[in-house]
Amino acid sequence: MKQHTVIKVWVDTDVCLAHYLCVHEAPRVFEEREGAVSVHIKPEADTQLLRDESENLFWAAAICPVSAIKLKLDTGEVIDGDSEIIKQFIACQRRT
Ligand code: SF4
């Protein structure tokens, strides 16, 4: 499977449950803020960091139970936990 690279990330704050599972998967990108109603993306999470964190971001999107995490890939495609690319990623990880 081709390794996809993430160049942008955002969270659908209308559906985010603010329980921070994603922070455990990608702590360099996501952070919990006291009193917030959704997870936050760290201001220092620039494109290079997102590229470096692509695999962890795939995991974060995969474990998010409401598919709130949106990832834009270097192909221009926007994906979330419901996307076929994420499902294939998980299937590949299980095989290795
Ligand atoms: S795992 Fe999903 S629902 Fe939970 S805090 Fe992260 S983005 Fe929000």
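Two strands pair if DSSP finds at least two bridges between them, and helices (H or I, at least four residues) and strands (E, at least two) are DSSP runs numbered from the N terminus. The legends below use these terms for a predicted model, in which local features need pLDDT of at least 70, side-chain atom pairs count only at pLDDT 80 or more, and totals for chains, interfaces and linings use all residues. Residues are numbered from 1 along each chain as its sequence is written, and side-chain values use heavy atoms, with hydrogens and water left out.

**View 1. Strand E4 and its partners.** Welcome to strand E4, where 4 of the 5 residues are buried (under 20% relative accessible area; exposed is over 50% and partly exposed in between, with a 1.4 Å probe and protein chains only). Strand E1 (residues 6-11) pairs with E4 in the antiparallel sense over 5 bridges. E4 also pairs with strand E5 (residues 78-79), again antiparallel, over 2 bridges. Look for lysine 72 in E4: lysine 8 is a bridge partner of lysine 72, and in E5 the bridge partner of lysine 72 is valine 78. The hairpin of E4 and E5 has 4 residues between the strands, and glycine 76 there takes a positive phi near 95 degrees.

**View 2. A lysine over a ring.** Here lysine 8 lies over the face of tryptophan 10, at 5.4 Å from the ring centre. A charge sits over a ring if NZ of Lys or CZ of Arg is within 6 Å of the ring centre and within 35 degrees of the ring normal.

**View 3. An aromatic cluster.** Phe58, Trp59 and Phe89 form one aromatic cluster. Rings of Phe, Tyr and Trp (its six-membered ring) pair if their centres lie within 6.5 Å; planes under 30 degrees apart count as stacked, over 60 as edge-to-face and the rest as tilted. The count by this rule is 2 aromatic pairs. Phenylalanine 58 is buried at 1% relative accessibility, phenylalanine 89 is buried at 2%, and tryptophan 59 is partly exposed at 26%.
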